[in-house]
Amino acid sequence: MRVDGDRFLADLHALRGFGASGVGRGVARPAYSEADLAARGWLAERMAGAGLEVQVDPMGSVFGLSEGRSLLLGSHSDSQPEGGWLDGALGVIAGLEVARAAREAGAPPVSVVSFQDEEGRFGVTTGSAVWGGNLRFDAALELTDRDGIALAEARVGAGESWVAPERFTGYLEMHIEQGPVLDQAQEAVGVVDAIVGIRDMTITFEGQQNHAGTTPMALRRDAFQALSAFNEALNDRLRNVVTPATVWTIGHVRLHPDAHSIVPGRAVFSMQWRDGDPERLRRMEGIIRETAHQVAEARGMSLSFGEMLGLEPVAMDPGLRAALEASAEEIAPGRWRRMPSGALHDATNVARLMPVGMLFVPSIGGISHDFAEHTEEADLVRGLEVLAGAVARLA
């Protein structure tokens with residue numbers, strides 16, 4: 001089974017043309033946007049041209065199916081509002097190329113998927129979450145984006161029937177690392193051993209909106225000051241609980257009424273944390289809630305918490321991982337490592353249905369979710385060869 005690196009790169013660059021930003025190599029291809037739907041139509045044509053049966057599920061995920069039971073390869077093709085050209089797209093096109101190579105060589109069949117809304121316009125890895133059973137379809141339809149548009153309204157081009165998971169023997173996802181480890185170590189590939197768990201909720205401090213010029217500092221119930229105090233206290237209190245791989249982020253803040261001359265009376269903000277240990281995630285939640293309560297009480301604030309969202313840590317299948325490691329050692333001897341994934345991927349949801357494995361290639365400078373995201377083409381092709389070698393071993 002021989003993959004065609006030039007054909008693979010040509011398809012990868014062609015996919016970048018849908019939603020190309022005009023800034024570097026970036027793309028803007030959010031789920032269900034015009035660019036996303038056009039890209040999915042193009043993918044369906046390429047899958048059909050590779051001899052695969054195309055099926056689009058009710059979420060809009062596009063499958064290219066081989067006959068009988070097969071290994072499933074893929075990722076997603078939607079992007080962040082300002083995204084890179086490889087995030088997700090790499091795994092889909094690599095899967096397509098391996099499926100073509102397997103068919104041309106008469107090797108065991110390979111199927112391909114591009115899951116819809118991995119980047120979370122409406123949720124967290126929404127398309128694979130529904131397919132994998134982590135999210136009910138009827139609940140997904142009620143999700144809304146930041147503009148208040150419901151998924152049920154945006155779900156253009158979706159199909160009518162679900163693809164049966166039983167037809168697949170396992171799932172492999174190739175992805176850019178989206179971090180600096182491989183690039184800094186000048187290593188070629190990373191074989192993922194586990195995907196970290198994630199927790200995400202909103203927190204609201206409610207104080208007193210007031211005049212910014214006449215309200216003395218000592219008498220203010222400033223919601224933003226409460227948020228600032230919470231952030232500082234939390235960083236200090238988590239220090240003895242976390243590991244160097246643990247991360248936590250306040251990534252989105254809304255102040256009310258969001259005006260220059262008014263003391264903000266309300267701060268609503270996101271609180272997200274990630275770690276590979278479920279017990280540590282639980283301990284962090286306790287510290288986050290306790291710290292918020294203490295800050296609110298000290299500053300005369302009311303406090304509320306939104307719904308807790310998230311997924312558990314997921315270990316990769318030993319058999320799939322072993323095949324990836326053996327292939328990595330053959331293609332890039334001494335230049336690969338076993339590593340965790342700090343980013344969430346569709347493989348997390350698919351793991352509820354079947355064995356999963358993941359492969360990383362370097363991200364230059366560790367940059368992703370940005371127009372500047374890039375990986376050298378030689379590293380992309382090397383990763384493709386490692387993936388193909390693993391599939392051959394599994395066959």
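This is a predicted model: local features need pLDDT of at least 70, side-chain atom pairs count only at pLDDT 80 or more; totals for chains, interfaces and linings use all residues.
Helix α8 itself runs over residues 223-237, 15 residues in all. Its first and last C-alpha atoms are 21 Å apart, close to the 21 Å expected at 1.5 Å a residue. At the start of the helix, D222 puts a side-chain oxygen within 2.8 Å of the backbone nitrogen of F224.

Now for α1 (5-16). This helix has twelve residues and spans 17 Å from first C-alpha to last, close to the 16 Å expected at 1.5 Å a residue. G5, F8, L9, D11, L12 and L15 are its buried residues. They take up an arc of only 160 degrees around the axis, which puts them on the same side of α1. Among the elements covering them are α2, α3 and α12 (377-394).

There is a cap here as well: D4 sits at the N-terminal end of α1, with a side-chain oxygen 3.1 Å from the backbone nitrogen of D6.

## The nonpolar cores

F8 and L12 turn up again in the largest nonpolar core, which has 49 residues; together with L380, they have the most contacts inside it. The biggest contribution to this core comes from helix α3 (residues 89-105), which supplies nine residues. Apart from it lies another core, of 24 residues, including F115, L182, I195 and I198. As a general matter, nonpolar side chains tend to be buried together in soluble globular proteins.

What does L380 touch, once its neighbours within four places in sequence are set aside? The list is F8, L9, L12, W85, L86, L90, M174, V361 and T375. Three of those names, F8, L9 and L12, are also buried residues of α1.

## The chain as a whole

Zooming out, the chain has twelve helices and 17 strands. Its radius of gyration is 23 Å, close to the 21 Å that the globule rule gives for 395 residues, so the chain is as compact as a globular protein of that length. Along the principal axes, its C-alpha atoms fill a box of roughly 80 × 45 × 40 Å.

Buried residues account for 50% of the 395. Of the contacts between residues at least 6 apart in sequence, 78% join residues at least 24 apart.

## Q55 in strand β1

Q55 is found in strand β1 (residues 53-56). Is this glutamine buried or exposed? Q55 is buried, because its relative accessible area is 19% and the cut-off for buried is under 20%. Its side chain makes a polar contact with the side chain of S161, at 3.2 Å. Beyond neighbours within four places in sequence, Q55 is in contact with S61, V62, F63, L65, S161, W162 and V163.

## Loops with something to look at

Y32 lies in the loop between α1 and α2 (34-49). Its phi is near 70 degrees, a positive value in a residue other than glycine, and at 6% relative accessibility Y32 counts as buried. Q178, in the loop between β5 (168-176) and α7 (181-185), has a phi near 65 degrees, again positive in a residue other than glycine. Q178 is buried too, with a relative accessible area of 19%.

Another backbone feature is the cis peptide bond joining H256 and P257, with omega about 10 degrees. P257 lies in the loop between β10 and β11 (262-263). Finally, V196 sits in the loop between β6 (189-195) and β7 and is buried, with a relative accessible area of 12%. Not counting residues up to four places away in sequence, V196 touches R274, D275, G276, E312, P313, S341, G342 and L344. From V196 to P109 is 87 residues in sequence and 30 Å in space, C-alpha to C-alpha.

Conventions:
Residues are numbered from 1 along each chain as its sequence is written. Side-chain values use heavy atoms; hydrogens and water are left out. Helices (H or I, at least four residues) and strands (E, at least two) are DSSP runs, numbered from the N terminus. The expected span of a helix is 1.5 Å times one less than its number of residues. A polar contact is a pair of N or O atoms within 3.5 Å; within protein, one must be able to donate a hydrogen and the other to accept it, and residues adjacent in sequence count only if both atoms are side-chain atoms. A nonpolar core is a set of buried Ala, Val, Leu, Ile, Met, Phe, Trp, Tyr and Cys residues joined through side-chain atoms within 4.5 Å. Buried means under 20% relative accessible area, exposed over 50%, partly exposed in between (1.4 Å probe, protein chains only). Contact means heavy atoms within 4.5 Å. The radius of gyration is taken over C-alpha atoms; the globule rule is 2.2 Å times the number of residues to the power 0.38. The arc is that of the directions from the helix axis to the C-beta atoms.
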